[in-house]
Amino acid sequence: MSATLADAVWTALGDVMDPEIPAVSITEMGMVLDVAAEDKDVWVTILPTFTGCPAIDVIMHDVEQAVAGVEGVETVRVKLVYDPPWSTERISSEGRTKLQQSGLAPPAAGPVLITDIRLPAVAVCPFCGGRDTANENLFGPTPCRAIYYCRSCRNPFEQFKQV
Amino acid sequence: MREALVSLVTALADDELIIGHRHSEWTGFAPHIEEDVAFSSIAQDEIGHAAAYYSLIAEATGASPDRMALGRQPDDYRHAVLCERPNGDWSYSLVRHWLYDTADDVRLEALQESADAGLAALAVKMRREERYHLLHANAWIKRVAEGPIEGRTRLIDALGKCYPEALALFDSLELEDSIVDNDLLPCSSSELRARFAQRATSELDDFGLPADIHRDLDNSAEFLASSSGDLIASEQEALTTSSRSGIGGRAGKHSDDFKPLWDEMTSTHRLHPDAHW
């Protein structure tokens, strides 16, 4: 087990961006479950955010490229797993801040109660910080987004859905 | 054991693929732009779930997910007939969406305890996403059910068509005994059907929609006839109903509605079977 190589790989993964949210890296999104390194071989385990996310192939490819570029790495294997299920709780606080700065309201904090089928908690407008917002659509341009409207600054905005 | 897993997961995957395909047909045509977005997104989720299920099969058999999804003959598909029905009008699509996603929640809840760790993990993951489908479907059914009489009437008509076919989502699977004995599905399909029927009828009751007239398959014709209000039309509808009983999907016996969908869905793959997507 080579700790230093694994560290270097983690650092490289910090530069792999989510292609649909280019401001946030996959490590900030909590998508990297594990990095293992032995001699020159590296295994990276990725948690997909949404099962149907079309960006996942691009992410796997970008991870492979990024890790292959790390000095001392000879082979890279990227694996996708669903256990544990990725959850919005995995997004780091830096990740949440960057989501907000890029105009995407971060998901409600905390765990999802799976049997709770009431409408989601109100999202905070990423543009003006207003809380007088209304859910316009539980769905949006990507599987992970919902559409809201801010009554304060009268802008529509998107929120990363809590899962 | 492997054959049993493949049988179970093929049925799950085909349901998601085919209903996802139907939902995607609302893209650009839904009666409201937000619903255009919603149905497109739900379709994307369902087809993504199908892809994940096909990948699980690929791990067991080596069959490529693309080939599973697009490279089979129509009678090799194991989805329930409900999933292949054309979208019809908006009320039909909404009611099918609600029934399907309620049924899917019932079976995903059970599959979380599957003896197959890969399938169990997938069920846990998918259920977190499917929650939004239920939120969406419930909000719409509630809204229309509480609205003017025309909407309610249409919902009730659509329930008469969909409900018996939704029960057929829980028809026995091929190798059912082996699937259940090995705890791949921790309880029988008929047990799941009972759970689904109980939940659906209780929720219909909460929506203020008639629930008691849909209880069993044999009564569906009678219900359709009574909703038409015309005796001659009733008999015709009753006849059509018996021929569209919606049973047999799990054995590969599909309705005439499936062939046109299959033709369109697989056309590119049949032209270029080795193309990369």
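Two residues are in contact here if their C-beta atoms, placed from the backbone, lie within 7 Å. Helices (H or I, at least four residues) and strands (E, at least two) are DSSP runs, numbered from the N terminus.

## Before you start

This is a predicted model, in which local features need pLDDT of at least 70 and side-chain atom pairs count only at pLDDT 80 or more, while totals for chains, interfaces and linings use all residues. Residues are numbered from 1 along each chain as its sequence is written, and chains are lettered from A and ligands numbered from 1 in the order in which they are written.

## Helix 2 and its partner in chain B

Let's begin with helix 2 of chain B, which covers residues 33-61. Its 29 residues reach 42 Å from first C-alpha to last, close to the 42 Å expected at 1.5 Å a residue; the expected span is 1.5 Å times one less than the number of residues. Gly62(B) follows this helix and has a positive phi, near 85°.

Helix 2 of chain B packs with helix 6 of chain B at an angle of about 170°, their axes 11 Å apart. Axes are lines fitted to C-alpha atoms, for helices over the stretch in contact, and angles run from 0 to 180 degrees between N-to-C directions. The two helices are therefore roughly antiparallel to each other (angles under 35 degrees count as roughly parallel, over 145 as roughly antiparallel, 65 to 115 as roughly perpendicular and the rest as oblique). On the helix 2 side of chain B, the residues in contact are Ala38(B), Ile42(B), Asp45(B), His49(B), Ala52(B), Leu56(B) and Glu59(B). They meet Gly118(B), Leu119(B), Leu122(B), Met126(B), Glu129(B), His133(B) and His136(B) in helix 6 of chain B. By class, this contact has 7 nonpolar, 4 polar and 3 charged residues (Ala, Val, Leu, Ile, Met, Phe, Trp, Tyr, Cys and Pro count as nonpolar, Asp, Glu, Lys and Arg as charged, and the others, Gly among them, as polar).

## From helix 6 to helix 7 in chain B

Helix 6 (residues 117-145) of chain B also meets helix 7 (residues 149-167) of chain B, with axes that come within 8 Å and cross at roughly 125°. That angle makes helix 6 of chain B oblique to helix 7 of chain B. Here Ile141(B), Val144(B) and Ala145(B) in helix 6 meet Gly151(B), Arg152(B) and Leu155(B) in helix 7. The contact divides into 4 nonpolar, 1 polar and 1 charged residues.

## A helix pair in chain A

In chain A, helix 1 (residues 3-13) and helix 2 (residues 56-68) have axes that come within 9 Å and cross at roughly 130°. That makes helix 1 of chain A oblique to helix 2 of chain A. Val9(A), Ala12(A) and Leu13(A) meet Val63(A), Ala66(A) and Val67(A), a contact of 6 nonpolar, no polar and no charged residues.

## Two loops to look at

Which bond joins Asp83(A) and Pro84(A)? It is a cis peptide bond, with omega about 5°. Pro84(A) lies in the loop between strand 5 (75-80) and helix 3 (93-101) of chain A.

Asp39(A) has a positive phi, near 50°, in a residue other than glycine. Asp39(A) sits in the loop between strand 3 (32-38) and strand 4 (41-46) of chain A.

## Where the chains meet

Finally, 19 residues of chain A are in contact with 25 residues of chain B. The chain A side of this meeting divides into 12 nonpolar, 4 polar and 3 charged residues.
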